[in-house]
Amino acid sequence: MQISEIIENFELLDDWEDRYRYLIELGRTLEPLPEEARTPTNKVQGCVSQVWLVTHWQNGRASFVCDSDAFIVRGLLAILVSVYSGHTAPEILAIDALQIFRDLQLQEHLTPQRSNGLKSFVERIRHDARQVLAAT
């Protein structure tokens with residue numbers, strides 16, 4: 001799903017309970033993470049929930065497979081995957097995904113722990129992009 005479509009859908013939902021339900025639905029759209037990918041290396045540090053991320057690079061563009069043990073976190077991850085997927089490392093480093101969450105008014109409705117986890121996930125994606133740039 002494209003981020004523009006997600007933003008449009010959020011704008012249609014006035015009630016925060018409906019927005020949370022939509023987040024959970026978005027989480028269900030994530031590609032399942034194979035059990036063998038749930039390793040310490042793929043685990044995102046700084047998240048209260050269990051969160052794993054695998055970044056794939058093909059033709060200089062990123063794709064992601066991720067998972068969490070929390071439904072709402074899976075929805076947040078689905079948004080981030082839609083924001084970053086298909087972009088090059090320099091493009092990823094230029095994207096302010098947290099601004100998108102502020103625009104959606106999501107950050108003000110997240111617990112401090114979830115906000116910190118969200119920042120950790122974004123930083124992990126940015127770290128992977130920096131590694132690709134350093135290798136070239």
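I number residues from 1 along each chain as its sequence is written, and side-chain values use heavy atoms, with hydrogens and water left out. Because the model is predicted, local features need pLDDT of at least 70 and side-chain atom pairs count only at pLDDT 80 or more, while totals for chains, interfaces and linings use all residues.

**Cysteines.** I looked for disulfides (pairs of cysteine sulfur atoms within 2.5 Å) and found 0. Cysteine 47 is in none, and its nearest cysteine sulfur, that of cysteine 66, is 11 Å away. That distance is too far for a bond. I then checked burial, where buried means under 20% relative accessible area, exposed over 50% and partly exposed in between (1.4 Å probe, protein chains only). Cysteine 47 is buried at 18%, and cysteine 66 is buried at 1%.

**Helix pair.** Helices here are DSSP runs (H or I, at least four residues), strands likewise (E, at least two), and both are numbered from the N terminus. I looked up H1 (residues 3-12) against H3 (residues 71-84): their axes are 8 Å apart and the packing angle is about 135°. Axes are lines fitted to C-alpha atoms, for helices over the stretch in contact, and angles run from 0 to 180 degrees between N-to-C directions. H1 and H3 are therefore oblique to each other; under 35 degrees counts as roughly parallel, over 145 as roughly antiparallel, 65 to 115 as roughly perpendicular, and the rest as oblique. For contact (heavy atoms within 4.5 Å), H1 supplies Ile3, Ile6 and Phe10, and H3 supplies Ile79, Ser82 and Val83.

**Serine 68.** I placed serine 68 in strand S2 (residues 61-68). It is buried, at 6% relative accessibility. I list two polar contacts (N or O atoms within 3.5 Å; within protein, one must be able to donate a hydrogen and the other to accept it, and residues adjacent in sequence count only if both atoms are side-chain atoms). A polar atom of the serine 68 side chain lies 3.0 Å from the backbone oxygen of glutamine 50. The serine 68 side chain also reaches the backbone nitrogen of alanine 70 at 3.1 Å. Beyond four places in sequence, the contacts of serine 68 include Trp52, Val73 and Leu77.

**Positive phi.** Asparagine 59, a residue other than glycine, has phi near 55°. It sits in the loop between strand S1 (51-58) and S2 and is exposed at 75% relative accessibility. Glutamine 105 has phi near 60°. Its loop runs between helix H5 (97-103) and helix H6 (112-135), and at 38% relative accessibility glutamine 105 is partly exposed.
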